[in-house]
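Here is a guided reading of one protein chain. Keep the sequence and the 3D view side by side as you go.

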Amino acid sequence: MKIIEPPAVEEWSGILKGKDIQSYRKHFSDVSSYYLNAEGMDAETVMYDVYSSSSEEKADGSLEWGLTVLYPVSVNGECNMTKGHFHMDESCEEIYIGKAGEGLLMYMDHTGNTWCEKVFSGSVHRISGRYAHRLINTGDEPLKVMACWNSRAGHNYEAIQKQPFGYRVMKKDGKAEAVKNEQL
Ligand code: PAN
Ligand code: ZN
């Protein structure tokens, strides 16, 4: 029997290294429209990195997994967040596992009903394919979350643009608080 290295290893720096790992970076200019007040922000600010690995097979049961690193950036008091999305195929669930930092996993159903689960190192989340999901960094360190989803899931960002999440998370005096999204 041979024992070999695992296909990927997470390093303390927050970087995932291994064979066939893809990654992309979101700067503020990519996500500015999601925030209440984008004034004065540097377009080049690094907001989040996503590392992922997809199955070579792409069969119905194939899985993909990834690591999101969401930096502790304040956008005029609003906490840094991922764009958020529904899945294209709403029968596809997803698992998130908190690895480091502190934050919230915001959910929204198709009627606009919005709620959150706390995210921290060791927290485990089962996301229904019917719910939009977004990560929000409420802490002072990078929020790191591992994810695993079906290759068929896809990302539906358009639906979020038509029906944004019902709440925003702002930080006041060092404390995160949810405020109703008045632009709806
Ligand atoms: C995650 C997300 C990742 C980035 O891998 O794609 O956290 O968030 P956005 O895609 O909303 O910008 C996932 O939920 N995949 O399905
Ligand atoms: Zn997803």
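Begin with isoleucine 95, which stands opposite arginine 126 in S11. The model shown here is a predicted one. Strand S8 covers residues 94-100, and four bridges join S8 to S11. The two strands run antiparallel.

This pair belongs to a wider arrangement. Six strands make up an open sheet, in the order S3-S4-S5-S13-S8-S11, with antiparallel pairing. Strand S3 (22-27) and strand S11 (124-127) are at the edges; each has a single partner strand, so one side of each is left without a neighbour in the sheet. From one strand to the next, the twist averages 20°.

In soluble globular proteins, nonpolar side chains tend to be buried together. The largest nonpolar core in this model has 33 residues, and Tyr35, Met47 and Leu135 touch the most other members. Helix H1 (28-31) and the strands S4 (46-54), S9 (102-108), S12 (132-137) and S13 (143-150) each supply at least two residues of this core. S9 gives the most, with five residues.

Which residues does leucine 135 contact, apart from its neighbours within four places in sequence? Among them are Thr68, Leu70, Tyr96, Leu104, Leu105, Val119, Leu143 and Val145.

Finally, look at the loop between S12 and S13, where threonine 138 lies. Is this residue buried or exposed? Threonine 138 counts as buried because its relative accessibility is 13%, and buried means under 20%. Not counting residues up to four places away in sequence, threonine 138 touches Cys79, Glu102, Gly103, Leu104, Val169, Lys171 and Ala176.

Definitions and conventions. Residues are numbered from 1 along each chain as its sequence is written. Chains are lettered from A and ligands numbered from 1 in the order in which they are written. This is a predicted model: local features need pLDDT of at least 70, side-chain atom pairs count only at pLDDT 80 or more; totals for chains, interfaces and linings use all residues. Side-chain values use heavy atoms; hydrogens and water are left out. A nonpolar core is a set of buried Ala, Val, Leu, Ile, Met, Phe, Trp, Tyr and Cys residues joined through side-chain atoms within 4.5 Å. Buried means under 20% relative accessible area, exposed over 50%, partly exposed in between (1.4 Å probe, protein chains only). Contact means heavy atoms within 4.5 Å. Two strands pair if DSSP finds at least two bridges between them. Axes are lines fitted to C-alpha atoms, for helices over the stretch in contact, and angles run from 0 to 180 degrees between N-to-C directions.
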